[in-house]
Amino acid sequence: MLEKKVALVTGAGRGIGREIALTLAEKGAFVVVNYQGSRERAEEVVREIQEKGGNAAAYQCNVADFSQTERMVKELIASYQHIDILVNNAGITRDGLVMKMSEEDFDKVIATNLKGTFNTIRHLSRQMNKQKSGRIINISSVSGVLGNAGQANYAASKAGVIGLTKSMARELASRGITVNAIAPGFIDTDMTGVLSDSVKEAAVRQIPLGHFGKPKDVAETAAFLASDAAAYITGQVIHVDGGMAI
Ligand code: NAP
C-alpha cells in the first residue's frame, strides 16, 4: 500500500512516533526514524522494522533547530531522492499553571511542538512541490482543541499546529499535497506515564469510551492519511480521543 514511499517520522524512537514508524513500514514504506536523544531506541525501531522484512534508517536531529532540520532534509533528499510522507510527531510537555510558568518552559514547548513542525514543513515543502505530491500529517492534541488547565503552553502549541495545518493545506493543495492533523486524546506512552493516578482517573472520567488509547490507534489513522484512500482529505483535524472532544 505504501511501497516505494519514503516517510520521515519525527520523534520515532518511542511512544506514538515509534508505532507510526512501525505501521508505515508494515505497509511498505521506507521509514526514516528521527530521534533527538533516544539513539538506542531509534536503532531498535530500525532493527524491528528490518526483522519484519521492512526498510528503515535512524537519523538524529533536534527538530526545534531550524538549521539542523534543514541539514536533515537536504541529506535525506540526497540519499533517497524523494520524501513522500512527513509525520510531525516530536513533542514535549512542560506542564504548570501560567501564574508559575517560567519563560523557558513556555518557549521550549512552542519551539519543539510548533516551530519544529514549521521547520520540517519549511524545508520539505519545496521538495514536495517539485514532486507534485506529498502527505503531511501533524500530531496535534485534544488539548489544542479544548484547552487544558495546567497546559497553556502545550495547548497553545497544539492549537498553533492546527492553524499551521489548515494554512499549509491551502498553500500546498494545488500541487497535490495534503496536510492534515491528528488530535489524540490520552494515549498510553511515557508522556502520560508520568501523570499521577488521581490525574489519570480524572482523565478517564472525561473519556466517553472509558479508557486511554494505544499508540496503534493513532498510528493506524496516520497510515490511513498517508494512503491513497485519503487522497481527497486535506486541512482536517482527525480526533483519536475516545470521544473526548465530542
Ligand atoms: P513521548 O513518549 O514523550 O515521546 C516524545 C517523542 O518526541 C520522543 O521520541 C522524543 O525523541 C521526541 N522529541 C522531543 N523533542 C524532540 C526534538 N526537539 N527533536 C526531535 N524529536 C523530539 O510522547 P508521545 O506520547 O509518544 O507523543 C508523541 C506526540 O503525540 C507528541 O507530539 C505529543 O504531544 C502528541 N500527543 C500525545 C498524547 C498522549 O497522550 N501521549 C496526546 C495527544 C498528543 P527523543 O526521545 O529522541 O528525545
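I take a pocket to be an open set of points on a 1 Å grid over the protein atoms alone, where a 1.4 Å probe fits, with protein on both sides within 12 Å along at least five of seven lines. I note that this is a predicted model, in which local features need pLDDT of at least 70, side-chain atom pairs count only at pLDDT 80 or more, and totals for chains, interfaces and linings use all residues. Residues are numbered from 1 along each chain as its sequence is written, and side-chain values use heavy atoms, without hydrogens and water.

I looked up the second largest pocket and found about 170 Å³ of space in it (the volume filled by probe spheres set on the points, which are joined across faces, edges and corners). Its lining (residues with an atom within 4 Å of a point) consists of Glu70, Val73, Lys74, Ile77, Arg122, His123, Arg126, Gln127 and Lys130. Helix 4 gives the largest share, five residues.

Entry two: a helix pair. I looked up helix 1 (residues 15-26) and helix 2 (residues 39-51), which pack at an angle of about 20° with their axes 10 Å apart. Helix 1 is therefore roughly parallel to helix 2 (angles under 35 degrees). I recorded Arg18, Ala21, Leu22 and Ala25 of helix 1 and Val45, Glu48 and Ile49 of helix 2 as making the contact (heavy atoms within 4.5 Å).

Definitions and conventions
Helix = DSSP H or I, 4+ residues; strand = E, 2+ residues; numbered from the N terminus. Axes fitted to C-alpha atoms, helices over the stretch in contact; angles between N-to-C directions. Parallel < 35°, antiparallel > 145°, perpendicular 65-115°, else oblique.
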